[in-house]
Structures are given as C-alpha cells and as structure tokens.
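Here is a short tour of one protein chain, written for a first look. Keep the picture in view and follow along strand by strand.

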Amino acid sequence: MHDRTSRRADMTRFPQGKRRGVRSLAALGAMMGMLGLLAGHPLSAAASAAESVAVRDPSPVLGQWVTRERDGVFDIRACGGELCGRLVGMSYTGEIPKAKDGTSECGLLMLTGFVPDPDDAGRWNGHILDPDSGKVYQAQIWSPRDGVLKLRGYVGIPLFGETHTWTRYDGAIGARCLMQ
C-alpha cells in the first residue's frame, strides 16, 4: 500500500486557477509561515494530550467535507488512534492534477494526527499540510452544528491562524477523483 505521508517535503504546487479552495489552504499556509516569524513553532503536546483525555466520540467530524470554495472534498476518518483526512475529490478541467512524482493528487493525506483537545470537548488538535510549500502547520477541527466543520490552521497558538468553514459533501466522486 502506497502511503503519501512520507512525501511532505516534496509536495507539488497546484496548477494556477484549477482548485481555488484547496489553493486557499496553501494561502492559509503562506500566512502561517509569515506568522511563524512572530510566534515559535512549538508543537503542541498532542500526543500527551491524547493519553490524558478520555476517549471522545469523533462522529461529528467524520465523513466527507467539501471546502468553502466547493472545489475539494476531504474524507476524515479514524487512522489508528487518531483522525486524519485525505483529499478524495477535486473539481478540475483537463488532466487530473499530478504530484511532483507524477502520481495523482487524489488521496493526498493533508490532515494528520488529530487527537482530542484536553481543554475543549468538541475540538481535535492535529496538523495540516500546505500542499504548495510542503510545510505542516498545527490545526484544529470541530463541528459546531450538524453538517458544518470548522478547520483552523495556525502557528504557535490558535490566535495566530485562520478558520475555514466546510460543509458535509452530499455529492458523488466519479472516476479520476472528479467531483460530481
């Protein structure tokens, strides 16, 4: 089984103008890179938090979510004792977007290591990959109400970040990862 988690440093740039919502994650990453100059990059104690927090029901955040621009679909599910998310659907024209190694970007693991937040029963702390730079940032996900997912990427502390609102995806994913 091919796992893309080891490819973080060599992620490809998305073609200009093809998938703005997924590209907005890249813009989020660029903003966080600038904020990194102001705040250190201390990785949160997510692993120890997972050990100190009782098992939490992840069902509100599990499933398929469409980005705010409706051009990318992420599938969030349990990955061992954590939650993770893969890019499973894209809106594009022409050829399917390819990674630097020539393989499809479909299935790209972009959300990793999400564990329950020890201070907020509804949030999960983990990491998000900026696909343009290959950098990984801290992130939180939570569902404030049915059918809505909030994703906040940040540097250092959540104050230095930006929140995106995603909605449940009720469409289909066709051949070659194409959103229908």
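How many bridges join strand β1 to β2? There are 4 of them, and β1, which covers residues 63–66, runs antiparallel to β2.

## Before we start

This is a predicted model, in which local features need pLDDT of at least 70, side-chain atom pairs count only at pLDDT 80 or more, and totals for chains, interfaces and linings use all residues. Residues are numbered from 1 along each chain as its sequence is written, and side-chain values use heavy atoms, with hydrogens and water left out.

## The barrel

Let's step back to the whole sheet. A closed barrel of 8 strands runs β1-β2-β3-β4-β5-β6-β7-β8, with antiparallel pairing. On average, neighbouring strands of this sheet are turned by 35° against each other, direction ignored. The angle is taken between axes, which are lines fitted to C-alpha atoms, and angles run from 0 to 180 degrees between N-to-C directions. Strands here are DSSP runs (E, at least two residues), numbered from the N terminus, and two of them pair if DSSP finds at least two bridges between them.

## Strand by strand

Gly 63 has Ile 76 in β2 as its bridge partner. Next, β2 and β3 are antiparallel and share 8 bridges; here Gly 72 stands opposite Met 90 in β3. These two strands form a hairpin with 2 residues between them, and Gly 80 in the turn has a positive phi of about 70°.

The antiparallel pairing of β3 with β4 has 3 bridges, and Gly 85 stands opposite Leu 111 in β4.

## The nonpolar core

A nonpolar core is a set of buried Ala, Val, Leu, Ile, Met, Phe, Trp, Tyr and Cys residues joined through side-chain atoms within 4.5 Å; buried means under 20% relative accessible area, with a 1.4 Å probe and protein chains only. The largest one has 24 residues, and Leu 111, Phe 114, Ile 141, Leu 149 and Trp 166 have the most contacts inside it. Among the elements that give two or more residues to this core are β4 (109–116) and β6 (136–145).

Leaving out residues up to four places away in sequence, Phe 114 touches several others (heavy atoms within 4.5 Å), including Trp 124, His 127 and Ile 141.

Leu 178 and Gly 89 are 89 residues apart in sequence, yet 5.6 Å apart in space, C-alpha to C-alpha.

Notes
Buried < 20%, exposed > 50% of the residue type's maximum accessible area, 1.4 Å probe, protein only.
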